[in-house]
Amino acid sequence: MAAWMRWRRLWWSLPLVLLLASTAAAQGDWTAIFTLDPFPSPYLSDWQANPAIGQATITNGTGETVQVRIGLTITHVGKGQIAQATSRLFSFPPGASTDLRTHDLVEYSSVDYSKSYEDIAVRTGRLPEGDYEACLRLESESGALLLDGICATFTIVYPDPPYLIYPTDGESITAMLPIFQWTPVQVPVGYGIHYTVRIAELLEGQGAAQSLNANYPHFE
């Protein structure tokens, strides 16, 4: 038999109050609150597809409907700005608050990476490990600045994978109810981990990875 365990982020099941790192900003008749998962997925495709990564609540305190474009910049703390982008135009009604998700805030064709990060982003499709700050600015259709300095911080983490302690790799098990032990994954407080165990038969001529991917699992 071959046994396998993998781990992945389980941020969607944590209490919302633990997930969100947010800041609020106000300028004149405009106010905004920007919230982000403090440990979001490093994969850029998830930022496009997953609406739970972040949200901006923007309030138009003026007496008229305003067409607004949103700019986003992402800075790798201590290393400089890595990307910037703009959104499509949004129509904000007077005296009302509008909720926008992260995939609303960016027209992905407008994303401009710094040269030092462009190769990494294209080659791996993910952000490097480290601390980041994402900031929004609001501009009218004519380009007038309405609101700036709407920022939230987040951290990209790549924990070391767990390693099997018992039974040792290749060991034969005779117990009816075996106990498996792995090393713990070291992660920051508030970072959720989900573990999956899969057990499949190891047929003659197969490697462990092949048996786990090709054979029907006895347990998962």
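Predicted model: local features only at pLDDT ≥ 70, side-chain atom pairs only at ≥ 80, totals over all residues.
User: What does the side chain of Arg126 make with the side chain of Tyr43?
Analyst: The two side chains make a polar contact of 3.5 Å. A polar contact here is a pair of N or O atoms within 3.5 Å; within protein, one must be able to donate a hydrogen and the other to accept it, and residues adjacent in sequence count only if both atoms are side-chain atoms.

User: Ok, where is Arg126 found?
Analyst: Arg126 sits in the loop between α3 and β9. Helices (H or I, at least four residues) and strands (E, at least two) are DSSP runs, numbered from the N terminus.

User: And which residues is Arg126 in contact with?
Analyst: Leaving aside neighbours within four places in sequence, Arg126 is in contact with Pro42, Tyr43, Leu44, Ile120, Ala121 and Tyr158. Contact means heavy atoms within 4.5 Å.

User: Where is Tyr43 placed, then?
Analyst: Tyr43 is in the loop between β3 and α2 (44-49). Not counting residues up to four places away in sequence, Tyr43 touches Gly125 and Arg126. Tyr43 and Leu127 are 84 residues apart in sequence, yet 6.6 Å apart in space, C-alpha to C-alpha.

User: Why does Arg126 count as partly exposed?
Analyst: Because its relative accessibility is 32%. Buried means under 20% relative accessible area, exposed over 50%, and partly exposed in between (1.4 Å probe, protein chains only). Tyr43, with a relative accessible area of 38%, is partly exposed too.

User: New topic: how many cavities of 30 Å³ or more does the structure hold?
Analyst: There is 1 cavity of 30 Å³ or more, and about 30 Å³ of space lies in the largest cavity. On a 1 Å grid over the protein atoms alone, a cavity is a set of points where a 1.4 Å probe fits but cannot get out, and lining residues have an atom within 4 Å of a point. Grid points are joined across faces, edges and corners, and the volume is the space filled by probe spheres set on the points.

User: Which residues line the largest cavity?
Analyst: Arg126 is back! The lining is Ile82, Tyr113, Tyr117, Ile120, Ala121, Arg126, Leu127 and Pro128. Helix α3 (residues 115-124) gives the largest share, 3 residues. By type, the lining has 7 nonpolar residues, no polar ones and 1 charged. For those labels, Ala, Val, Leu, Ile, Met, Phe, Trp, Tyr, Cys and Pro count as nonpolar, Asp, Glu, Lys and Arg as charged, and the others, Gly among them, as polar.

User: Why is the pair of Trp30 and Phe92 edge-to-face?
Analyst: The ring planes are at 85°, with centres 5.8 Å apart, so the pair is edge-to-face. This pair links distant parts of the chain, with Trp30 in strand β3 (residues 30-36) and Phe92 in strand β6 (residues 80-92), 62 residues apart. Trp30 counts as buried at 4% relative accessibility, and Phe92 does at 1%.

User: What about Tyr132 and Phe154?
Analyst: Their planes are at 5° and their centres 5.1 Å apart, so that pair is stacked. Tyr132 lies in strand β9 (residues 130-140) and Phe154 in strand β10 (residues 145-156), 22 residues apart. Both Tyr132 and Phe154 are buried.

User: And which residues do ring pairs link into a cluster?
Analyst: Trp30, Phe90 and Phe92.

User: Last one: which residues does a cis peptide bond join?
Analyst: Tyr166 and Pro167, with omega about -5°. Most peptide bonds are trans. Pro167 is in the loop between β11 (164-166) and β12. Trp182 and Pro167 are 15 residues apart in sequence and 9.4 Å apart in space, C-alpha to C-alpha.

Key: Residues numbered from 1 in each chain as written. Heavy atoms only, no water. 1 Å grid on protein atoms, 1.4 Å probe; cavity = no way out; pocket = protein on both sides within 12 Å on 5 of 7 lines; lining within 4 Å. Phe/Tyr/Trp six-rings, centres within 6.5 Å; stacked < 30°, edge-to-face > 60°.
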